Amino acid sequence: MKKVYYLKTCNTCSRILNDLNLPSDFELQDIKTNPLTAKQIEALKALAGSYEALFSRRAKLYKDMGLKDQTLTEKDYKHYLLDHYTFLSRPVIVIDDAIFIGSAKKTIESAKTVLHEN
């Protein structure tokens with residue numbers, strides 16, 4: 001599978017997608033207009049190792065809902081990821097069985113390396 005989960009209105013996602021110059025066989029999913037399904041979240045978790053790895057603590061809702069003051073379980077992370085798109089650390093880039101989560105420079109460089117190997 002070659003897919004990117006991103007937010008169309010996010011400038012960082014747009015910049016990264018332009019920078020990656022993805023081949024035409026990539027599928028792009030705007031998670032705001034086409035929310036993640038439980039099956040997709042489970043598939044991403046299988047690649048990432050946990051729901052927590054997919055979860056963004058930088059989301060405004062994370063603070064607004066007081067989640068930063070709670071101890072969240074994997075079940076909680078899954079619930080919030082399914083509940084609102086803002087909780088997904090984005091972009092999430094899937095290249096076959098490799099997953100790259102978030103916008104950290106090191107993560108994007110790793111994705112570029114794998115992209116150019118294929």
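**Helix faces and salt bridges in a predicted model**

Asp 64 and Lys 60 are both exposed (over 50% relative accessible area; buried means under 20%, and partly exposed lies in between, with a 1.4 Å probe and protein chains only). The two residues form a salt bridge in which the closest N and O atoms are 2.9 Å apart (a salt bridge is a side-chain nitrogen of Lys or Arg within 4 Å of a carboxyl oxygen of Asp or Glu). The structure is a predicted model, in which local features need pLDDT of at least 70 and side-chain atom pairs count only at pLDDT 80 or more, while totals for chains, interfaces and linings use all residues. Residues are numbered from 1 along each chain as its sequence is written, and side-chain values use heavy atoms, with hydrogens and water left out.

**Salt bridges**

- A search of the whole structure finds 7 salt bridges.
- Asp 64 and Lys 60 lie 4 residues apart in helix α3 (residues 60-64), so about one helical turn separates them. Helices (H or I, at least four residues) and strands (E, at least two) are DSSP runs, numbered from the N terminus.
- Lys 112 and Asp 19 meet through their side chains in a salt bridge of 2.9 Å, N to O. This pair links distant parts of the chain, with Lys 112 in helix α5 and Asp 19 in helix α1, 93 residues apart.
- Lys 112 counts as buried at 18% relative accessibility, whereas Asp 19 is partly exposed at 42%.
- A network of salt bridges links Asp 19, Glu 109 and Lys 112.
- Lys 78 and Glu 42 form a salt bridge, their closest N and O atoms being 2.8 Å apart. Distant parts of the chain are linked here too, since Lys 78 belongs to helix α4 and Glu 42 to helix α2, 36 residues apart.
- Both residues count as partly exposed, Lys 78 at 21% relative accessibility and Glu 42 at 37%.

**Helix α1 (residues 11-20)**

- Cys 13, Ile 16, Leu 17 and Leu 20 are buried in α1. They cover an arc of only 100 degrees around the axis, which puts them on the same side of the helix; the arc is that of the directions from the helix axis to the C-beta atoms.
- Asn 11, Arg 15 and Asn 18 are exposed on the other side of α1.
- The buried residues of α1 pack against β1 (2-6), β2 (27-30), β3 (92-95) and α5 (105-117), where contact means heavy atoms within 4.5 Å.
- Asn 21 follows α1 and has a positive phi, near 50 degrees.

**Helix α4 (residues 74-83)**

- Tyr 77, Tyr 80 and Leu 81 are buried in α4. Seen down the axis, these residues fall within an arc of 100 degrees, so they line one face of the helix.
- The cover over the buried residues of α4 includes α2 (38-48).
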